[in-house]
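Have the structure open as you read.

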Amino acid sequence: MSILAEGKTPEEWVAVLAERSIPVSVRTLREAANRIGACHKLGRAMIITPDQMDMILQEGQQCRSNRISAA
């Protein structure tokens, strides 16, 4: 039952991200979760656990530095 206890819907995760000033749409989050299989689905309902949310964020584009190596 940890999936139900800890998991959230994409809409709930978007609200959590918005509280931290990270604007993401529900559609974008659903697409990312589907693309890498980081979700649990029953019909059209989707639940994402905290571990899966970490996977989604890690799969996202990483920040790239503009610094050039001095070597």
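## The outward face of H2

Start with the face of helix H2 that points away from its buried side: this is where you'll find the exposed residues Ala 18 and Glu 19. Keep in mind that you're looking at a predicted model.

## The buried side of H2

H2 spans residues 10-19, and its buried residues are Pro 10, Trp 13, Val 14 and Leu 17. These residues sit on the same side of H2 because they cover an arc of only 105 degrees around the helix axis.

What do the buried residues of H2 pack against? Their partners are helix H3 (26-36), strand E2 (45-47) and helix H4 (50-59).

## Just past the helix

## The chain as a whole

Zooming out, the chain has 4 helices and 2 strands. Reading from the N terminus, they come in the order α-α-α-β-β-α.

How much of the chain is buried? Of its 71 residues, 23% count as buried, and the H2 residues Pro 10, Trp 13, Val 14 and Leu 17 are among them. As for the surface, the chain exposes about 5800 Å², with carbon and sulfur atoms supplying 52% of that area.

Last, the contacts: take those between residues at least 6 apart in sequence, and 37% of them join residues at least 24 apart.

Definitions and conventions
Residues numbered from 1 in each chain as written. Predicted model: local features only at pLDDT ≥ 70, side-chain atom pairs only at ≥ 80, totals over all residues. Heavy atoms only, no water. Buried < 20%, exposed > 50% of the residue type's maximum accessible area, 1.4 Å probe, protein only. Contact = heavy atoms within 4.5 Å. Areas by Shrake-Rupley, 256 points an atom, 1.4 Å probe, with all protein chains shown as cover. Arc of directions from axis to C-beta.
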